[in-house]
Amino acid sequence: MDLDADIPTLIDHGAQSVGSPEQPQGSKRIPCTIISGFLGAGKSTLLKRILTERHGYRIAVIMNEFGDSAEQSIEAKTINVTSKEDPTVQSEEFLELANGCLCCSIKDAGIAAIEKLMERKGAFDHIILETTGLADPGPIASIFWQNEEYSAGLSREIILDGVVCVVDAIFGRKQMEEDHSVDGIGESLRQIACSDVILLNKVDLAPSEDDLSETEHMIQGVNPSAPIHRTTRANIDIGRIININAYVGVDHLRMGAFHERSRNASLDHLHDLVPQPKHYELRGISSLQVTVPPLSLCKLELLEEWLQRVLWDGELPKDNASDTVHQINVLRCKGLFVTDTGKEYILQGVQTMYDISEVNGEDVQGLPSAGKLVLIGKGLDEVARASLLKVLG
Ligand SMILES: Nc1nc2c(ncn2[C@@H]2O[C@H](COP(=O)(O)OP(=O)(O)OP(=O)(O)O)[C@@H](O)[C@H]2O)c(=O)[nH]1
């Protein structure tokens, strides 16, 4: 199943930030894609494909290790000397590949690896970061927002493009059904919840069409907003997983005491993304989708307060009629809001962080008559829906 029609594409038209530092003239930020995936689902197969195929993109791939997956099987044009201290020492941290890609091995995870890579700026146009070993992509996606060091420096150079999850078509369903962890949300479900694109890989091994459909149905139940692409040996048009601009408009975070408005942004088709509301729950994870009518600015503020309560305090605002605490754990949220004054806003959020940014006037092509809101996480039941609808009503 290809759900392209439902892709929540957020397109950057070079909109200017509101309340955020201006981009230096002529500097274009490098998009970064995070790849997560179930054990054995085909992440390395996908990366190998990216590093070897002639796709025309110059991609820097940061792998947790390339000893077994790349070095032996990929013909490198050069093995670069990268030691600053002693240029005669070959550290083999970077491989420049025949197809124009750059392969980089993470020994020091996260920011340090990206910083090191950025020393080679100009040699690539896109970064792909593999998260093997870091099963939950949420925290790594959030370093693009929350890490002070990162925000101060690299976020001016790099922008989160999207999170891709590779799911095993054979064992994926079982992994999701049996998924558990101490806080009740297992790794595979977190990965699906946080994804912007899903590759259902190993479809050649699937016993039947029904079996694949059932897995897709389960994935969609957890994350209705991510398109699913069926693949064999991770054979995917690379344009479907990179430059998807899933996070455009998110430069700054709002978390705890942070209250920064971020840059403008534009979007395309977000209003088409949400299928009809239905409640589907898998190990406590479900999604809540609502159509949001045109809002007054006052209503928009009330909606934002509701979101803050849910994202930051992990509970619904208390109903006057009862003292019951209704706990919520949101892993991912996204939305489009339209105001009665003709403005559009997009919401993007990962875990406790979110950003609401106004869409640039010139980027609004035919104002949709209504907005949408999608929340993915725990506790998003009918009580949560009623509470949200009360705010919107
Ligand atoms: N038949 C078939 N085999 C596949 C497919 N994709 C990957 N494989 C094989 O499945 C095995 C696991 O694939 P990897 O790409 O190593 O999976 P991974 O997600 O990187 O695995 P971990 O890093 O161990 O979690 C390898 O033997 C691949 O050759 C596919 O679509 N069909």
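## Exercises on a helix and a strand

The buried residues of helix 8 are Thr 215, Glu 216, Ile 219, Gln 220 and Val 222. They share one side of helix 8, because their arc around the axis is only 160 degrees. This is a predicted model.

**Exercise 1.** Find which exposed residues lie on the face of helix 8 turned away from its buried side.

*Solution.* Start with the general rule. An α-helix has 3.6 residues a turn, so residues three or four places apart point the same way. Now turn to the opposite face. Asp 210, Ser 213 and His 217 are the exposed residues there.

**Exercise 2.** Check the span of helix 8 against its number of residues.

*Solution.* Take the 14 residues of helix 8, residues 209-222. At 1.5 Å a residue, they should span 20 Å. Next, take the end C-alpha atoms: they are 20 Å apart. The two values agree.

**Exercise 3.** Describe how covered strand 12 is, then name its partners.

*Solution.* Begin with burial. Strand 12 covers residues 329-338, and nine of its ten residues are buried.

Then take strand 15, residues 371-378. Its pairing with strand 12 is antiparallel and has seven bridges. Within this pair, Cys 333 stands opposite Leu 375 of strand 15.

Now take strand 13, residues 344-350. This strand also runs antiparallel to strand 12, joined by seven bridges. Here Phe 337 faces Tyr 345 of strand 13.

**Exercise 4.** Which residue in the hairpin of strand 12 and strand 13 takes a positive phi?

*Solution.* Look between the strands, where the hairpin has five residues. The residue is Gly 342, with a phi near 85 degrees.

Methods: Residues numbered from 1 in each chain as written. Predicted model: local features only at pLDDT ≥ 70, side-chain atom pairs only at ≥ 80, totals over all residues. Helix = DSSP H or I, 4+ residues; strand = E, 2+ residues; numbered from the N terminus. Expected span 1.5 Å × (residues − 1). Buried ≥ 20, exposed ≤ 12 C-beta atoms within 10 Å, placed from the backbone. Arc of directions from axis to C-beta. Pairing = 2+ DSSP bridges.
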